[in-house]
Amino acid sequence: MSWSPVSQLLIGLVITSTTMAVLWLVQRRSGNAGIVDAGWAASVGLLGVLFAATASGYLPRRVLAAGLIGVWSVRLTAYILRDRVIGHPEEGRYRTLRAQWGAAAQKRLFFFFQTQALAAVFFAVPVLIVAYNPLARWTAWDALGGVIWCVSVVNTVLADRQLARFKRRPENRGKTCREGWWRYSRHPNYFFEWLHWWSYVALSVGAPYGWLSLAAPMVMLYFLLRVTGIPPTEAQALASRGDDYRQYQRTTSAFVPWFPKKQANCHGSDG
């Protein structure tokens, strides 16, 4: 079964908009708007698989793209639900939004959830492009896409586990993680999540409008560096860890892993 790209996008938007409306109702009862992040990750994966299944490109490449986005989505959704939503209080950034919005909080949260529905469609577009790649054979670009995906996802998981292990030790309370990848980047999880989007850029080489796949990593980079990623995370870290985190900022790359400017103390790691 092959649908037109316009039909795929419209159906995808209906699916994600409905999903986010349901999740908005869930957060009204639970008081935890962080479920929107899990909903976004799940929606991107669902749409990616749907797009790959209903396009007309080279079938093996479509299967590969569906598998990559599907595994990425399941891992990230489970991580968010387990570590940020189920059994956890609402994250500070959402509590701040509720306080700022006051009586209009629920209306504005509904709008926010719907913008995440649009964002899910946007970030599934690279898979749609891959799914229409007509080149009926494997290429070096396909291999590169697979390598990028493996490197990015494996190291995202590794960075998350390094941080979780550090946080579990009581003696590290109030300290900043400098173990593993956290010695070389203040946000290695963000970096490797961003790197993941380049795998679909490689898989899109040769596809009609393949250059449009570049939009996903570019937009993701902007939001990580300027909006919802590093700025609020570092503001919270400074508030909770003060001078220890300021020293970490002075010595450690913010995003791209690189050698620290000077030997960091082996007190612990970032969180």
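Biologist: Is F122 buried, exposed or partly exposed in this model, and why?

Modeller: The model is a predicted one. F122 has a relative accessible area of 32%, so F122 is partly exposed.

Biologist: And F123, buried or exposed?

Modeller: F123 counts as buried, because its relative accessibility is 7% and the cut-off for buried is under 20%.

Biologist: How many aromatic pairs are there by the ring rule?

Modeller: The count comes to 20 aromatic pairs. One of them joins F122 and F123: the ring centres are 5.1 Å apart and the planes stand at 85 degrees, so this pair is edge-to-face.

Biologist: What about the rings of W194 and W198?

Modeller: The planes of W194 and W198 lie at 80 degrees with the centres 6.0 Å apart, so that pair is edge-to-face. W194 counts as buried because its relative accessibility is 13%. W198, at 24%, counts as partly exposed.

Biologist: Which residues do ring pairs link into a cluster?

Modeller: The cluster contains W40, W72, F122, F123, W197 and Y200.

Biologist: Which side chain of opposite charge is nearest to R62, and how far away?

Modeller: That side chain is D142, 12 Å away.

Biologist: What is R62 in contact with, then?

Modeller: Apart from neighbours within four places in sequence, R62 contacts A52, A53, A55, S56, G57 and A131.

Biologist: Next, P134. Where does that residue sit?

Modeller: P134 is in the loop between helix 5 (105-131) and helix 6 (140-168). With a relative accessibility of 53%, P134 counts as exposed, because the cut-off is over 50%.

Biologist: Which residues does P134 touch, beyond those up to four places away in sequence?

Modeller: P134 touches G206, A207 and P208. P134 and P208 are 74 residues apart in sequence, and their C-alpha atoms are 8.4 Å apart in space.

Biologist: Last topic, the surface. Which residues form the nonpolar patch of about 560 Å²?

Modeller: The patch is formed by Y209, W211, L212, L214 and M218, and that figure is their accessible area together.

Biologist: Where is W211 found, and is W211 buried or exposed?

Modeller: W211 is in the loop between helix 8 (198-203) and helix 9 (215-227). Its relative accessible area is 58%, so W211 is exposed.

Terms used. Residues are numbered from 1 along each chain as its sequence is written. This is a predicted model: local features need pLDDT of at least 70, side-chain atom pairs count only at pLDDT 80 or more; totals for chains, interfaces and linings use all residues. Side-chain values use heavy atoms; hydrogens and water are left out. Buried means under 20% relative accessible area, exposed over 50%, partly exposed in between (1.4 Å probe, protein chains only). Lys and Arg count as positive and Asp and Glu as negative; His and the chain ends are not counted. A salt bridge is a side-chain nitrogen of Lys or Arg within 4 Å of a carboxyl oxygen of Asp or Glu. Contact means heavy atoms within 4.5 Å. Helices (H or I, at least four residues) and strands (E, at least two) are DSSP runs, numbered from the N terminus. Patches are made of residues with over 30% relative accessible area and no salt bridge: like charges are joined within 9 Å, nonpolar side chains (Val, Leu, Ile, Met, Phe, Trp, Tyr) within 5 Å. Accessible areas come from the Shrake-Rupley method with a 1.4 Å probe; for residues, only the protein chains shown count as cover. Rings of Phe, Tyr and Trp (its six-membered ring) pair if their centres lie within 6.5 Å; planes under 30 degrees apart count as stacked, over 60 as edge-to-face and the rest as tilted.
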